[in-house]
Every structure is written in structure tokens, then in C-alpha cells.
Amino acid sequence: MNRLECIKSMVLKCKVAADIGTDHGYVAEMLLRDNVCDKIIATDLNEGPLNRAIEHLSAVNLEKRCDFRLGSGLTVLKEDEAETIIIAGMGGELIADILEDSKNIALKASQLILQPMTTADRLRRYLYNNGFSIIDERIVKELHHYYFIIMAVPGIDKVDDEIYYEVSKMLLKKNDPLMIEYLNRLLGINEKIINSIEKNNNNGYNKKIEQLSNKNKKIEELMKN
Ligand SMILES: C[S@@+](CC[C@H](N)C(=O)[O-])C[C@H]1O[C@@H](n2cnc3c(N)ncnc32)[C@H](O)[C@@H]1O
């Protein structure tokens with residue numbers, strides 16, 4: 001399953017979903033074609049991408065089921081307008097900022113589907129500390145890249161160790177083989193950094209070595225359990 005198919009597979013059947021940062025409009029297209037949603041509010045911050053979405057969804061005759069809106073994040077939505085909010089293909093920090101800027105709207109959604117391209121740890125940290133609960137998460141790999149797709153809902157959910165911001169608790173629980181592959185790669189990357197600092201006798205980075213070694217120990221423990 002690729003990234004976009006995985007996003008689609010996590011959206012629950014609903015009347016209205018908002019696809020924030022729609023760009024080409026492929027997510028909207030997939031959801032409408034499979035009748036996962038009756039209608040999509042397709043939004044983008046920039047005119048070029050929004051026009052691309054309008055063109056594409058018109059070409060596939062789905063534009064009548066779309067409401068196209070230009071603007072930043074959730075500011076273009078009213079409270080309760082979209083049951084599902086999808087924010088995919090942006091950095092984890094940007095997704096967190098978008099949720100924080102319109103928290104009243106985000107907290108009214110029944111389901112948030114979030115797919116960070118980078119810094120998934122920052123996004124998980126934000127969700128856990130700001131009234132959202134992560135109820136599902138999937139991992140997909142495309143061209144050597146691992147992508148995390150997070151399903152969050154309003155609710156209180158805390159983790160007892162910061163490692164769970166970086167290593168998804170949900171994916172650990174599932175024992176997903178791709179997650180094991182991802183963690184082995186993460187261990188290898190950290191090990192390489194440690195070796196390279198040690199090789200260069202760079203004493204100024206002793207704290208970094210300690211941090212990475214501790215992180216790897218924790219990851220190995222989590223993998224054993
Ligand atoms: C890489 S594309 C992702 C397209 C699609 N969502 C996907 O996952 O394939 C990111 C899109 O987000 C838009 N974008 C960036 N910041 C945004 C914001 N604050 N609000 C809405 N859209 C934004 C960009 O203009 C761009 O079209």
C-alpha cells in the first residue's frame with residue numbers, strides 16, 4: 001500500500017472531510033471515488049496548488065462534490081463543518097502549528113488523519129500534550145522513505161516516556177514488521193553517528209554520544225518487549 005492509499009484507508013466513512021493542503025487533489029479524488037466521503041472541502045494556502053486541485057478534480061468529474069477554499073490551515077473551516085480533517089504531506093511541526101492555530105476547530109473533529117513528512121516526533125509530542133489522543137497509526141515505505149500516518153481524536157492520552165514521541169506506541173503494539181525494519185535502521189543511523197564522533201576524538205560531543213547510546217538502549221528494550 002502506498003502513502004496516499006494508506007491515508008485513504010484510515011478515513012472513516014463520513015459526510016464531509018476537509019483535505020488541508022490538497023495540492024494535486026489526489027487524496028480528495030480517492031475519497032470521493034470510493035464514496036468514503038460525500039463531500040470534500042479541499043483547501044490550500046497557495047493559489048497554484050489550489051488551481052491544480054480544481055483542474056484535476058474537474059477533469060475527473062468530481063468537482064461538484066468539492067468545495068475549494070484558499071487559505072491557511074483550518075482557518076478556512078467553521079466549527080463542526082468537517083467531521084474528518086486530513087493534513088498530509090507537510091512537516092510535523094507545521095501540522096502541529098496548524099492544529100494549535102485553530103484548536104477549537106481541530107477539537108471538534110471526529111477524526112484527524114495526519115501524515116507528517118518529517119519530524120513525526122514533534123507532532124506526536126504536540127498531540128499528547130494538547131488534548132488529542134492517538135488511536136491508530138500505520139507506517140508505509142515508498143522509495144526508501146518511511147511515512148507515518150496518525151489517526152488522532154480529541155481526548156486525553158499521555159505517555160510515560162519521551163521515547164514514545166519518537167517511537168510510536170501504536171506501531172510497537174502492532175509489532176508491524178515495517179516498524180521493526182524502521183527501528184533497526186534508526187539504531188544503525190545512531191550507531192554510525194556515535195562511531196564517527198568517537199573516531200574523530202571529539203570530546204565536545206560526549207553528551208551527544210551519551211544521549212544517542214541511551215536512546216538506542218531504550219529502543220532495543222522496546223523491541224525486545
Ligand atoms: C507536499 S503538498 C502535499 C499534498 C497532499 N496533501 C499530499 O499529501 O500529497 C503540501 C501542500 O500544502 C500546502 N500548504 C503549506 N502550508 C499550508 C497551510 N498552512 N495551509 C494550507 N495548505 C498549506 C502547500 O501549498 C502544498 O500544496
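Residue numbers start from 1 in each chain and follow the sequence as written. Because the model is predicted, local features require pLDDT of at least 70 and side-chain atom pairs count only at pLDDT 80 or more, while totals for chains, interfaces and linings use all residues.

The protein contains ten helices and seven strands. Both are DSSP runs numbered from the N terminus; helices (H or I) have at least four residues and strands (E) at least two. Along the principal axes, the C-alpha atoms fill a box of roughly 60 × 35 × 30 Å. Of the 225 residues, 34% are buried. Here, buried means that 20 or more other C-beta atoms lie within 10 Å of the residue's own; exposed means 12 or fewer, and partly exposed lies in between, with C-beta atoms placed from the backbone. Among contacts with a separation of 6 or more, 67% join residues 24 or more positions apart. A contact requires C-beta atoms, placed from the backbone, within 7 Å.

The seven strands form an open sheet with mixed pairing, in the order E3-E2-E1-E4-E5-E7-E6. Its edges are strand E3 (66–70) and strand E6 (132–142), each of which pairs on one side only. On average, neighbouring strands are turned by 15 degrees against each other, direction ignored. Axes are lines fitted to C-alpha atoms, for helices over the stretch in contact; angles between N-to-C directions run from 0 to 180 degrees. Pairing requires at least two DSSP bridges between two strands.

Strand E1 (residues 14–20) pairs with E2 in the parallel sense, over six bridges. E1 also pairs with E4, again parallel, over four bridges. Ala17 takes part in both pairings: its bridge partner is Ile40 in E2 and Thr84 in E4. Thr84 in turn stands opposite Gln111 in E5. E4 and E5 run parallel and are joined by six bridges. E5 and strand E7 (residues 145–154) run antiparallel, with three bridges. In that pairing, Leu114 stands opposite Ile150.

In E2, six of the eight residues are buried. In strand E5 (residues 111–116), six of six are buried. In a regular strand the side chains alternate between the two faces of the sheet. E5 is covered on both faces, with Gln111, Ile113 and Gln115 buried on one side and Leu112, Leu114 and Pro116 on the other.

Helix H2 (residues 26–33) has Val27, Ala28, Glu29, Leu31 and Leu32 as its buried residues. Their cover includes helix H1 (3–10), helix H3 (47–59) and strands E1, E2, E3 and E4. Just after H2, Asn35 takes a positive phi of about 55 degrees. Helix H9 (177–199) has 23 residues and spans 33 Å from first to last C-alpha, close to the 33 Å expected. The expected span is 1.5 Å times one less than the number of residues. H9 is followed by Asn201, whose phi is positive, near 50 degrees.

The ligand is surrounded by 16 residues, the closest being Gly21, Asp23, Pro49, Ala88 and Gly89. Shell residues have their C-beta atom, placed from the backbone, within 6 Å of the molecule. Strand E2 (37–44) and strand E4 (84–90) are the elements that give two or more residues. E4 provides the largest share, three residues. By class, the shell has seven nonpolar, seven polar and two charged residues. Nonpolar covers Ala, Val, Leu, Ile, Met, Phe, Trp, Tyr, Cys and Pro; charged covers Asp, Glu, Lys and Arg; the others, Gly among them, count as polar.

Notes: Two residues are in contact if their C-beta atoms, placed from the backbone, lie within 7 Å.
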